[in-house]
Amino acid sequence: MSMTATAGRAHADPHHIGLVIEHPGPAPKRIVTAYGFWIFLLSDIVMFSCFFAAYAVLADQTAGGPKGSEIFEQRNVAIETVCLLLSSFTCGMASIAADVRNRFWFYLGMAVTCLLGLIFLVIEFREFADLVARGYGPSRSAFLTAFFSLVGCHGLHVSAGILWLLTMMAQVFAKGFRADVLRRMMCFALFWHALDIVWVGVFSVVYLLGSGV
Amino acid sequence: MSDQAHMRAEHDLAPGEEEQHSVGTRILGYVVGLVLALLLTATSFFIAGTDLVWQPSIPVALIVLAIAQMGVHLVFFLHITTGPDNTNNVLALAFGLLVVFLVVGGTVWIMAHLNANMPAMDQIMPMRR
């Protein structure tokens, strides 16, 4: 009897992770949804890695146009970075507030996140508009094409994130903290934090490495 | 039996989800993550513009700092940990990283070799005539 019990335990813990799981059944929907979204985020990061690879190859192909060190403004990038970092923090606060079903802190956290995201987008848009006005648009050189695609793609993601953020605020307003709304909120928080990870790569590889060389 | 039921409920965590903690502990986690991320960012910006360190080491330092900050984001904001309840999330992350390194590393490696082995454009153009 004890032998069969032991065999049963060994079978239930095939990877020796120290937990015995006997027929746990399908995972809760919350876990399945977030895991699926995690797979999407990773594929999104793989897509960004292609843009990063293109930028790394083309960074020196300036075709007589400006080099990165001539057009990047470190002060703006620092402000953008701090904005995104703080927005990641306030997004975390909003998701905690959603979990404890506190409407006031949820709206406040989401509103601050939205504001910081908009500041980021405005600074980025002004940088792009300024470059295009000086004749350094994406068609000027391969370097600028790669720069505009990579940074612009991240900017598009942030814009989509802000639309999603406003949708979440509206859904909580209209439907309350229902289970499906909370699952969407969880995916949104994952999305927003993942954008911040991509931005870490952008400001390190594009702006800081680019302005040093 | 109740112990087993407890384990069953906790054998898997969704990405972005923490183990059961009080609100104070969770906020503290985000504060620690924010402070660490701000420190690493400030170091990156400082190192990029300074003359105090050996210049050829700057790109390496920037890349190391960036990877460290991505790790901070993963642990403190996305809550991807090495616990047994996170096995699925970590495996997916590991595969994603593999593809990222193949794409970026492979591209940079191959294109650098092509650049080094190809004659300059002003030498190619006469050959085509």
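Residues are numbered from 1 along each chain as its sequence is written, with chains lettered from A and ligands numbered from 1 in the order in which they are written. Because the model is predicted, local features need pLDDT of at least 70 and side-chain atom pairs count only at pLDDT 80 or more, while totals for chains, interfaces and linings use all residues.

In the contact between the chains, 45 residues of chain A meet 44 residues of chain B. Contact here requires C-beta atoms, placed from the backbone, within 7 Å. On the side of chain A that touches chain B, H2, H4 and helix H7 (179-212) each supply at least two residues. Helices are DSSP runs (H or I, at least four residues), numbered from the N terminus. H2(A) gives the most, with 15 residues. By class, this side of chain A holds 32 nonpolar, 11 polar and 2 charged residues. Ala, Val, Leu, Ile, Met, Phe, Trp, Tyr, Cys and Pro count as nonpolar, Asp, Glu, Lys and Arg as charged, and the others, Gly among them, as polar.

Most residues other than glycine have a negative phi. Ala63(A), not a glycine, has a positive phi of about 50°. Ala63(A) lies in the loop between helix H2 (29-58) and helix H3 (68-71) of chain A. Ala63(A) counts as exposed because it has 9 C-beta neighbours inside 10 Å; the cut-off for exposed is 12 or fewer other C-beta atoms within 10 Å, with C-beta atoms placed from the backbone.

Arg101(A) also has a positive phi, near 60°. Its place is the loop between helix H4 (74-99) and helix H5 (103-133) of chain A. Arg101(A) is exposed, with 11 other C-beta atoms within 10 Å.

Note on methods. A residue is buried if 20 or more other C-beta atoms lie within 10 Å of its own, exposed if 12 or fewer, and partly exposed in between; C-beta atoms are placed from the backbone. Two residues are in contact if their C-beta atoms, placed from the backbone, lie within 7 Å.
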